[in-house]
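Please look over this fold with an eye to its packing. The briefing below goes topic by topic.

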Amino acid sequence: MTTVAASPATLAPALRRLYFARFGFALVWAGPLFATASSLGPVSATLLVLYPVFDVVAAVLDARSAKATRSAPGLYANIAISGAAALGLALAASSGIPAVLRVWGAWAIVSGLIQLTVGVLRRQLDGHWPMIISGAISAVAGTSFILQATQDGASLTTLAGYATLGGVFFLVSALRLGRAGTKA
C-alpha cells in the first residue's frame, strides 16, 4: 500500500485553522484559571484537566490532516502524553497545587520536546519556527513549574500565563502559515 504525503500547500490551511482555534481556546481557558489560581477548587481542577483534553483533540485533528507525513508519529506520542497528563492532573488535583505543578511541569517538558520535534520536521512550512521556539520554551517552563512546586505559596497563575504565551505562539504560526499560503 502506498501513501501520499500531505504537501505543504494542503497541510497549511488545515493547520492554520487549527492553530487559530488553539489560540482562542488558550485565551478563553487562561482567564478563568487566572481568576481561580490562588486555590484549587472544582472550577480550577476542571480547567486543569480540560486543557490537556483539548490538546488531545487538537493533536488528533492535526494527525488526521498529517497522517502520511513524518510528523504523524510525534503527534500520536503527543496524544498519549496529553491523555496521561489529563489523568495525572485529575489525580493530582486532590493532592494540592504542588502536585498539580509537578504533573503539569512533566507534561510541559515532554510535550514541549515533542512540539519542538514536530516543528523541526515541518520547518519547510513558514509557520513552524514559532512552534519550534514554543516547544523549547515549554520544556524550560516545565522545569520551572516543577521547581515552583517546592516553594511556599505555589500558585496556578503561572499556568495561565504559560497557556496564554502558548496561544500567542499558535497565533503567530497561524498568521505565518496564512502568509506562506499566499506565496504558493
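Ser155 sits in the loop that runs between α5 (129-148) and α6 (157-183). The model is a predicted one. Ser155 counts as buried because its relative accessibility is 16%, and the limit for buried is under 20%.

**Ser155 and its surroundings**
- The Ser155 side chain reaches the backbone oxygen of Ala37 at 3.4 Å.
- Beyond its neighbours within four places in sequence, Ser155 is in contact with Ala37, Ile97, Leu101 and Gln148.

**Pro52 in α2**
- Pro52 is a residue of helix α2, which spans residues 42-65.
- Its relative accessible area is 0%, so Pro52 is buried.
- Leaving out neighbours within four places in sequence, Pro52 is in contact with Ser82, Ala85, Ala86, Leu89 and Trp107.

**Nonpolar cores**
- The largest nonpolar core has 28 residues.
- Trp29, Leu33, Tyr51, Trp104, Leu156 and Leu159 touch the most other members of this core.
- Six helices each supply at least two residues: α1 (8-35), α2, α3 (72-92), α4 (97-121), α5 and α6.
- Helix α4 gives the most to this core, with 7 residues.
- A second core is separate and has 16 residues, among them Ala66, Leu75, Ile114 and Ala174.

**The salt bridge**
- How many salt bridges does the structure hold? There is 1.
- Asp55 forms a salt bridge with Arg22, and the closest N and O atoms are 2.2 Å apart.
- The pair links distant parts of the chain, with Asp55 in helix α2 and Arg22 in helix α1, 33 residues apart.
- Buried or exposed: which is Asp55? Asp55 is buried, because its relative accessible area is 6%.
- Arg22 also counts as buried, because its relative accessibility is 14%.

**Aromatic pairs**
- The whole structure contains 10 aromatic pairs.
- One of them joins Phe25 and Tyr51 in a tilted arrangement, 5.8 Å centre to centre and 40° between the planes.
- Phe25 lies in helix α1 and Tyr51 in helix α2, so this pair ties together parts 26 residues apart in sequence.
- Both Phe25 and Tyr51 are buried.
- Tyr51 also pairs with Trp107, edge-to-face, at 6.0 Å centre to centre and 75° between the planes.
- Tyr51 is in helix α2 and Trp107 in helix α4, so this second pair ties together parts 56 residues apart in sequence.
- Tyr51 counts as buried because its relative accessibility is 12%.
- Trp107 is buried, because its relative accessible area is 6%.
- Which residues make up the aromatic cluster? Phe25, Trp29, Tyr51, Phe54, Trp104, Trp107, Phe145 and Tyr162 form one cluster.

- Tyr51 is among the residues that touch the most other members of the largest core, and Tyr51 belongs to the aromatic cluster.
- Trp107 is in contact with Pro52 and is a member of the aromatic cluster.

How values were computed. Residues are numbered from 1 along each chain as its sequence is written. This is a predicted model: local features need pLDDT of at least 70, side-chain atom pairs count only at pLDDT 80 or more; totals for chains, interfaces and linings use all residues. Side-chain values use heavy atoms; hydrogens and water are left out. Helices (H or I, at least four residues) and strands (E, at least two) are DSSP runs, numbered from the N terminus. Buried means under 20% relative accessible area, exposed over 50%, partly exposed in between (1.4 Å probe, protein chains only). A polar contact is a pair of N or O atoms within 3.5 Å; within protein, one must be able to donate a hydrogen and the other to accept it, and residues adjacent in sequence count only if both atoms are side-chain atoms. Contact means heavy atoms within 4.5 Å. A nonpolar core is a set of buried Ala, Val, Leu, Ile, Met, Phe, Trp, Tyr and Cys residues joined through side-chain atoms within 4.5 Å. A salt bridge is a side-chain nitrogen of Lys or Arg within 4 Å of a carboxyl oxygen of Asp or Glu. Rings of Phe, Tyr and Trp (its six-membered ring) pair if their centres lie within 6.5 Å; planes under 30 degrees apart count as stacked, over 60 as edge-to-face and the rest as tilted.
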